[in-house]
Amino acid sequence: MKTAWTTLCELGDLVEGLGKLVDIDGKSIAIFRVGETVHAMEDRCPHAGGSMSGGYLDDGCAVCPLHGWAFDLGNGSLRGSASGDEVLGVFETRVLREGDRAWVQAKI
Ligand code: FES
């Protein structure tokens, strides 16, 4: 498990309800803002490789823009999946405030 925090972007770069793609350390990460909370997950959908950052939020899930699979923002599980086989990796996040700036960080 990764223990160091990596800065992904500024909180102000995120639009509520829409994803943002960040490529860092060889990983493509989709970031979503819900109020003052931020969620980060692998960008590549396990169904057919859709970019989760191009999706939208629905009831605590990020929805893939290609075919609508929805993954829980908290644990990456596929909504409605009986098998639990389809899971997106999620990353622990925090918002670090320094003066009047706020940085989105994750353990990636
Ligand atoms: S590629 Fe994501 S639902 Fe099909």
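Which residues does Ile29 touch, not counting residues up to four places away in sequence? Ile29 is in contact (heavy atoms within 4.5 Å) with Leu8, Lys20, Leu21, Val22, Ile24, Ala40, Met41, Asp43, Phe91 and Ile108.

The structure is a predicted model, in which local features need pLDDT of at least 70 and side-chain atom pairs count only at pLDDT 80 or more, while totals for chains, interfaces and linings use all residues. Residues are numbered from 1 along each chain as its sequence is written, and side-chain values use heavy atoms, with hydrogens and water left out.

Strands are DSSP runs of E with at least two residues, numbered from the N terminus, and two strands pair if DSSP finds at least two bridges between them. Strands of a sheet pair through backbone hydrogen bonds, either parallel or antiparallel. A hairpin is formed by β2 and β3, with two residues between them. In its turn, Asp25 has a positive phi of about 55 degrees. Within this pair, Val22 stands opposite Ile29 in β3. Elsewhere in the sheet, Met41 has Val90 of β8 as its bridge partner.

**The three-stranded sheet**

A second open sheet contains three strands, ordered β1-β10-β9 and paired in the antiparallel sense. Its edge strands are β1 (6-10) and β9 (93-98), each of which pairs on one side only. From one strand to the next, the twist averages 35 degrees, an angle taken between N-to-C directions on a scale from 0 to 180 degrees, with axes fitted to C-alpha atoms. Cys9 stands opposite Val104 in β10.

| Strand pair | Bridges |
|---|---|
| β2 and β3 (residues 27-34) | six bridges |
| β4 (residues 37-42) and β8 | two bridges |
| β1 and β10 (residues 101-106) | four bridges |

**Nonpolar cores**

A nonpolar core is a set of buried Ala, Val, Leu, Ile, Met, Phe, Trp, Tyr and Cys residues joined through side-chain atoms within 4.5 Å; buried means under 20% relative accessible area, with a 1.4 Å probe and protein chains only. The largest such core has 14 residues, and those with the most contacts inside it are Leu8, Leu14, Ile29, Ile31 and Val104. Two or more residues each are given to this core by β1, β3, β4 and β10. Its largest share, three residues, comes from β10. Another core, of eleven residues, lies apart from it and includes Ala62, Phe71, Leu78 and Leu88.

Conventions: Buried means under 20% relative accessible area, exposed over 50%, partly exposed in between (1.4 Å probe, protein chains only).
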